[in-house]
Amino acid sequence: ERYSDVMFRCAYRMLGGDNALAQDVHSEAWFRIARGMSGYQSRGEGSFARWALTITKNIVRDHRRRGHPEVLTVDMLLLDRPTAGESPEQRVVRVETARVVAAALGRLRAPYRDCLILRFYDGLSLTDCAAIMGTTIGAMKVRQHRAIKALAAQLPPEAVTASGLVPPGMGT
C-alpha cells in the first residue's frame, strides 16, 4: 500500500495518461512482485521501493518498445490539484505555470526527465532514484543538478520563479 500510488502514477505518466493501461501495468507489477517475493532480499532502506518501481518501469518500457511513447501532461504530474487557501487567480497562475513546466519536462532527455519526476513528483530519495536509474548517488546528484539547469533553460523567467526552480531574485 505504501508504494502503490507511486507505482500507479509512474505507469500512468509513462503511458501518456492511459488510465486503463496504467491499471493493467500496475496489476502486472504487483503480480510480478508477489511471484518474486520469495526470492526478494532487502538491501537496506528503500530497497523494496526501488524493486517495485523498477518492475513497474520495466513493464512500461516493454510496452513503449511496442510503439507507445511517453507524453507528459499537467494532470499526470498531479500539478493541477487545488491547494488549500488558494484564490481562483492563484490557481489559474499555478495551473498555467504547471502546463509550461510539464511541456518543458517532456522536452528533456529521458534521464533528466526521469530524474526530476522521480525526485520531485514521486518524492523519492536520491538513494532510491540512483538505484532505480542504475547509477551512483554522486552521479544522481550531478544528473539532478544538470536536469534542473536544463529545465530552467527551457522556461521563461516567470515560470522558473513560479515553479520554485530558482528563488525570486536569484536569476536563472
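**Figure 1. Contact between helices α1 and α3.** Val6, Met7, Cys10, Ala11 and Met14 of α1 meet Ala52, Leu53, Thr56, Lys57, Val60, Arg61 and Arg64 of α3, contact being defined as heavy atoms within 4.5 Å. By class, eight residues of this contact are nonpolar, one is polar and three are charged. Here Ala, Val, Leu, Ile, Met, Phe, Trp, Tyr, Cys and Pro count as nonpolar, Asp, Glu, Lys and Arg as charged, and the others, Gly among them, as polar. The model is predicted: local features need pLDDT of at least 70 and side-chain atom pairs count only at pLDDT 80 or more, whereas totals for chains, interfaces and linings use all residues. Residues are numbered from 1 along each chain as its sequence is written, and side-chain values use heavy atoms, with hydrogens and water left out.

**Figure 2. Geometry of the α1 and α3 pair.** Two packed helices are described by the angle between their axes and the distance between the axes. Helix α1 (residues 4-14) packs against α3 at an angle of about 20°, and their axes are 10 Å apart. Axes are lines fitted to C-alpha atoms, for helices over the stretch in contact, and angles run from 0 to 180 degrees between N-to-C directions. The two helices are therefore roughly parallel to each other; angles under 35 degrees count as roughly parallel, over 145 as roughly antiparallel, 65 to 115 as roughly perpendicular and the rest as oblique. The crossing of α1 and α3 is right-handed, a term used if the near helix is turned clockwise from the far one by less than a right angle, and left-handed if anticlockwise.

**Figure 3. Contact between helices α2 and α3.** Helix α2 (residues 19-36) and helix α3 (residues 47-65) have axes that come within 9 Å and cross at roughly 130°. These helices are therefore oblique to each other, and their crossing is right-handed. On the α2 side the contact is made by Leu21, Val25, Glu28, Ala29, Trp30, Arg32, Ile33 and Gly36, and on the α3 side by Phe48, Trp51, Ala52, Ile55, Thr56, Ile59, Val60 and His63. Eleven of the residues in the contact of α2 with α3 are nonpolar, three are polar and two are charged.

Figure 4. Valine 60 lies in helix α3 and is buried, with a relative accessible area of 0%. Buried means under 20% relative accessible area, exposed over 50%, and partly exposed in between (1.4 Å probe, protein chains only). Leaving aside neighbours within four places in sequence, valine 60 is in contact with Ala11, Met14, Leu15 and Val25. Arginine 61, also in helix α3, is partly exposed at 31% relative accessible area. With neighbours within four places again set aside, arginine 61 is in contact with Met14 and Asp114.

**Figure 5. Cysteine 10 and cysteine 115.** Cysteine 10 counts as buried at 0% relative accessibility. Cysteine 115 is in no disulfide, and the nearest cysteine sulfur, that of cysteine 129, is 6.3 Å away; a disulfide is taken as a pair of cysteine sulfur atoms within 2.5 Å. Cysteine 115 also counts as buried, at 0% relative accessibility. The count comes to zero disulfides.

**Figure 6. The chain as a whole.** The chain has eight helices and zero strands. Helices (H or I, at least four residues) and strands (E, at least two) are DSSP runs, numbered from the N terminus. Of the 172 residues in the chain, 40% are buried.
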